[in-house]
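Morning, everyone. Have a look at the chain on the screen, and then I'll walk you through it.

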Amino acid sequence: MAQPMAQETLFERFLAPVFGFLIDREALLRYRNSKDWEQACDHFRQPNFVYPPYYSQNFHGIKNGYLGVDAAITYDPVTQYALPPNETWVRKGLVERIHAQPRRILDLGCGTGSTTLLLKKAFPQAEVIGIDLSPYMLVVAADKAMQANLAIDFKQANAEQTGFPDASFDLVTATLLFHEMPPLAACNVLQEAFRLLKSGGEVLILDGNQSTLHQTDWLTQIFDEPYIHDYASGSVDAWMTTAGFGEVCTEEVWWVNQVTRGVKPLPYRKVEFARFETDEQQRWVAG
Ligand SMILES: C[S@@+](CC[C@H](N)C(=O)[O-])C[C@H]1O[C@@H](n2cnc3c(N)ncnc32)[C@H](O)[C@@H]1O
């Protein structure tokens, strides 16, 4: 059953001393004690699930990274301060850059589902699925979706190899995922997104602004991230292009973040031109 909140969570390390007075610590403890977390996680745990080797380590100074209750329940209170000037504005930076009206959406590394919920609100008719490695994060995501009365499917899966069929999504997204993994894993995720998308489908990646992070060492040190230096010296834009996406474009979102968007190209289609003639402006036109 529920244990007392462990020390050395992100909350204890960073927030309690600085923002403690802003956060309802009692509410967090109530939530922690409100359920049997292991039983709730069993609802998401896949049999014989294999975690990628880079994942089973400490993140943010938390033992076992995301594979624990405290990481999951303190994630949202911390993240609201990690995405200046306003968490929702930053997340909407991704949603607002979606061009099409997707009918099937996959949010990779969805965590506690904050972006996943925004996607469902923006496209209520769409089927929205969020996947994550951590069953603890998925429990929080599912609770949030239920409270918001939003029908979203959450599933434990590896974003590098999701198990969904080819060409089964119109939109694939990832928020704050790539800085948490080695660049090779991020490239694998982009290749998987390419496989999952229908032709003409979009991929959007919201994460730290690589040029800002590259120049600002203190930013990369604040949250004790094992892969952020490699992420900061790379280019999501280049990785996405290499994965085969077209129309690749990266835009800054509130200085410290960026959104990279790409489109899976339409397949080559041979066109038969029946005839050529000149129009009234004497231009060659095909008929
Ligand atoms: C910083 S959190 C971001 C969560 C959420 N997308 C958000 O915007 O708040 C990174 C998440 O990625 C998940 N993750 C890391 N590697 C993953 C992988 N290969 N497949 C699926 N999820 C992964 C972690 O468990 C964690 O929940």
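Predicted model: local features only at pLDDT ≥ 70, side-chain atom pairs only at ≥ 80, totals over all residues.

The chain has twelve helices and nine strands. Of its 287 residues, 38% count as buried. Now take the contacts with a separation of 6 or more: residues 24 or more positions apart account for 72% of them.

Next, the core. In soluble globular proteins, nonpolar side chains tend to be buried together. Here the largest nonpolar core has 64 residues. Which members touch the most others? They are Ala72, Tyr136 and Val172. Which helix gives the most to this core? Helix α7, residues 135-147, with seven residues. Leaving out residues up to four places away in sequence, Ala72 touches Thr112, Ser134, Tyr136, Met137, Val139 and Val140.

Now helix α6. Its buried residues are Ser114, Thr115, Thr116, Leu117, Leu119 and Lys120. What covers them? The cover includes three helices, α4 (69-82), α5 (87-95) and α7. It also includes the strands β1 (104-108), β2 and β4 (169-175).

Last, the ligand. There are 23 residues around it, and Gly109, Gly111, Ala159, Thr175 and Leu176 come nearest. Two elements give two or more residues to this shell: α6 (114-122) and β2 (127-132). So what is the shell made of, by class? Twelve residues are nonpolar, eight are polar and three are charged.

One thing to take away: α6 has buried residues, and α6 also gives residues to the shell around the ligand.

Conventions. Residues numbered from 1 in each chain as written. Near = placed C-beta within 6 Å. Helix = DSSP H or I, 4+ residues; strand = E, 2+ residues; numbered from the N terminus. Nonpolar A, V, L, I, M, F, W, Y, C, P; charged D, E, K, R; others polar. Core = buried A, V, L, I, M, F, W, Y, C linked by C-beta atoms within 7 Å. Buried ≥ 20, exposed ≤ 12 C-beta atoms within 10 Å, placed from the backbone. Contact = placed C-beta atoms within 7 Å.
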